[in-house]
Structures are given as structure tokens and as C-alpha cells.
Amino acid sequence: MSKVFNKKAGKDDVVELKRVKIPAHRYTALKKAWMEIYTPLVEQCHLEVRMNLKTRSVEIRPSKEIKDMGLVQKGVDFVRAFVLGFAVEDAIALLRLDDVYMDSFEVKDVKTLEGDSLSRCIGRMSGTHGKTKFTIENLTRTRIVLADTHIHIMGSFQNNKIARDAMVDLIRGSPATKVYAKLRGVMNRVNDSN
């Protein structure tokens, strides 16, 4: 977070500015989807947004209409979700809903794997043509991004924990069918309690 002095109003007027760094591998995707990202931030959240080409970052600050800094943080989370690899349609839930969160972890946080073992682990989490990942997403009502050894999960707090536990079981070597069965049981208990 940076503090920028508003030169027109005088030195006492401070505007808070938040920056989201864009890594090189997401820069082209951001440029292609810029209008899809820019429009909800400006029209729905009434934020001032710009792409700083020198620093390769997206800068977000509140407009004069809003006083709530929570909207600025929601905007930052929205852009950060896109940068992590979530689709714009999925990331927009962070702007519209209050109980949507992101959770990130790495394979090495769970188990130290190298070489072929790491490749098999990533393959287990993804499944054939992404079937395992999609099944976990559908059962837990979350969105999951597998980015090399990083796993990013977006959803409600409880569902994120359930999806994370399923991914951890896969990292530890459990077969996908055993994880599905356990997941269905957990989700049935959760749905019955609600």
C-alpha cells in the first residue's frame, strides 16, 4: 500500500493506493482480459484503476464517491485471483460475495517430493484430462488452480478446508477413488448439518 498526496487538494489530502504486481507469465493474459477486469472494478465498485506499464502492476485506489477501503481490498483480491490463474468469471465472485476466500499452498508444504514422484503427485491431483480436479471442484463448490507445485483454492471458508484436505490426501498418495468416497461422505455431513 502506498500513500499518494493529492497535489490539487494540498498536502493534507492523502489517497491510499494499492498495487498488484503482475508476473511476466500473466502479463499477456492480463492485457487480453483487461476490459473484463477493468469494467466491474470501475462500474460496480467505483474504484479508480490503471495499469502501470513501467512497474508492471495494476494500481487501485478509491474514487471520491466511496469511503469504504473494504472495496479497495476486494478489488485487489479480484486482480490477485486473476493473476494466480483463476478465470475472470470465477474471480468476480470475490467482488460480489462476502464469504468467498482464497487459500494457497505448495506441494512441499505437505510432503517433500522431487523428480518423478513430484510429477506423479501433480498428475494425481489433476487426473486424466483434469477429471480429479473437476470432481473435487464440483463436490466442494470451489475453484482450484494447479500452477506447477502451487495449489490455489477459491470458495467459502469451510469448502476451502474440505477441498484442501482432499488435495492433501492426493499429495500423500491416496488413490482418487478413495478421496472421492471420503469427500462425498464429508459433503453429505456438511449438507445435513446446514
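Colleague: Does Arg141 count as buried or exposed?

Modeller: Arg141 counts as exposed, at 53% relative accessibility. Buried means under 20% relative accessible area, exposed over 50%, and partly exposed in between (1.4 Å probe, protein chains only). The model is predicted, so local features need pLDDT of at least 70 and side-chain atom pairs count only at pLDDT 80 or more, while totals for chains, interfaces and linings use all residues. Residues are numbered from 1 along each chain as its sequence is written, and side-chain values use heavy atoms, with hydrogens and water left out.

Colleague: How many helices and strands are there in the chain?

Modeller: The chain has 10 helices and seven strands. Both are DSSP runs numbered from the N terminus: helices are H or I with at least four residues, and strands are E with at least two. The chain holds 194 residues, of which 41% are buried. Its C-alpha atoms fill a box of roughly 65 × 40 × 25 Å along the principal axes.

Colleague: Where is Arg141 found, and what is its phi?

Modeller: Arg141 is found in the loop between α8 and β6 (143-147). Its phi is positive, about 55 degrees, although Arg141 is not a glycine. His46 also has a positive phi, near 55 degrees, and is not a glycine. The loop between α2 and β3 (47-52) holds His46, which is partly exposed, with a relative accessible area of 35%.

Colleague: Which residues of helix α1 are buried?

Modeller: An α-helix has 3.6 residues a turn, so residues three or four places apart point the same way. In helix α1 (residues 24-32), the buried residues are Arg26, Tyr27 and Leu30. Seen down the axis of α1, these buried residues fall within an arc of 125 degrees, so they line one face of the helix. The arc is that of the directions from the helix axis to the C-beta atoms. Exposed His25 and Lys32 are carried on the face of α1 turned away from its buried side.

Colleague: Over which rings do Arg26 and Arg56 lie?

Modeller: A charge sits over a ring if NZ of Lys or CZ of Arg is within 6 Å of the ring centre and within 35 degrees of the ring normal. The charged end of Arg26 sits over the ring of Phe82, 4.7 Å from its centre. Arg56 lies over the face of Tyr27, at 3.9 Å from the ring centre.

Colleague: How many aromatic pairs does a search of the whole structure find?

Modeller: A pair of aromatic rings is described by the distance of the centres and the angle of the planes. Rings of Phe, Tyr and Trp (its six-membered ring) pair if their centres lie within 6.5 Å; planes under 30 degrees apart count as stacked, over 60 as edge-to-face and the rest as tilted. The search finds one aromatic pair. The ring centres of Trp34 and Tyr38 are 5.9 Å apart and the planes are at 35 degrees, so this pair is tilted. Both residues lie in helix α2 (residues 34-43), four residues apart, about one turn of the helix. Trp34 is buried, with a relative accessible area of 19%, whereas Tyr38 is partly exposed, at 28%.
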